Amino acid sequence: MGQRTVTLSANGRQLACHAGHRNLLEVFEHHDVDVEYQCREGYCGSCQMRLINGEVTYSEKPLAFIPEGYVLPCCCLPVGDVELEF
């Protein structure tokens, strides 16, 4: 999978998601973007954020409840370019 772009809606900042990133949380960390998280595995749901545009995929189904239209950056990757409410 090639490079994808993650856009943060609050300021329009665009982050590159490379093939080596295992999840969106790693993308944020790579670009020095602070994100609230605790478990890093989809158990707690503390990192959830609203997906404005695009689609993500999960390597495994998270245990935390995810409301419609939200994603858990700790355990998902964008399928293509995405925009997140941040």
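**Notebook: core and salt bridges**

I looked up the largest nonpolar core in this predicted model, and it has 23 residues. Those with the most contacts inside it are Val6, Leu15, Leu24, Phe28, Val35, Val71 and Leu84. A nonpolar core here is a set of buried Ala, Val, Leu, Ile, Met, Phe, Trp, Tyr and Cys residues joined through side-chain atoms within 4.5 Å. Buried means under 20% relative accessible area, exposed means over 50%, and partly exposed is in between (1.4 Å probe, protein chains only).

At least two of its residues come from each of β1 (4–8), β2 (14–17), α1 (24–30), β3 (49–53), β6 (76–78) and β7 (82–84). The largest share is that of α1, with 4 residues. Helices (H or I, at least four residues) and strands (E, at least two) are DSSP runs, numbered from the N terminus.

Notes on the source: residues are numbered from 1 along each chain as its sequence is written, and side-chain values use heavy atoms, with hydrogens and water left out. Because the model is predicted, local features need pLDDT of at least 70 and side-chain atom pairs count only at pLDDT 80 or more, while totals for chains, interfaces and linings use all residues.

Next I listed what Leu15 touches, leaving out residues up to four places away in sequence. The list is Arg4, Thr5, Val6, Leu8, Val27, Phe28, His31 and Val33. A contact means heavy atoms within 4.5 Å.

How many salt bridges are there in the whole structure? My search found 3. A salt bridge is a side-chain nitrogen of Lys or Arg within 4 Å of a carboxyl oxygen of Asp or Glu.

I looked at the pair Glu26 and Arg22, whose side chains meet in a salt bridge at 2.6 Å, N to O. Glu26 counts as buried because its relative accessibility is 13%. Arg22 is at 65%, so it counts as exposed.

Arg40 pairs with Glu29, and their closest N and O atoms are 2.8 Å apart. Arg40 is partly exposed at 32% relative accessibility, and Glu29 is partly exposed with a relative accessible area of 32%.

I also recorded the salt bridge between the side chains of Arg50 and Glu85, at 3.0 Å, N to O. Arg50 sits in strand β3 and Glu85 in the segment after β7, so the pair ties together parts that are 35 residues apart in sequence. Arg50 is partly exposed, at 32%, and Glu85 is partly exposed, at 39%.
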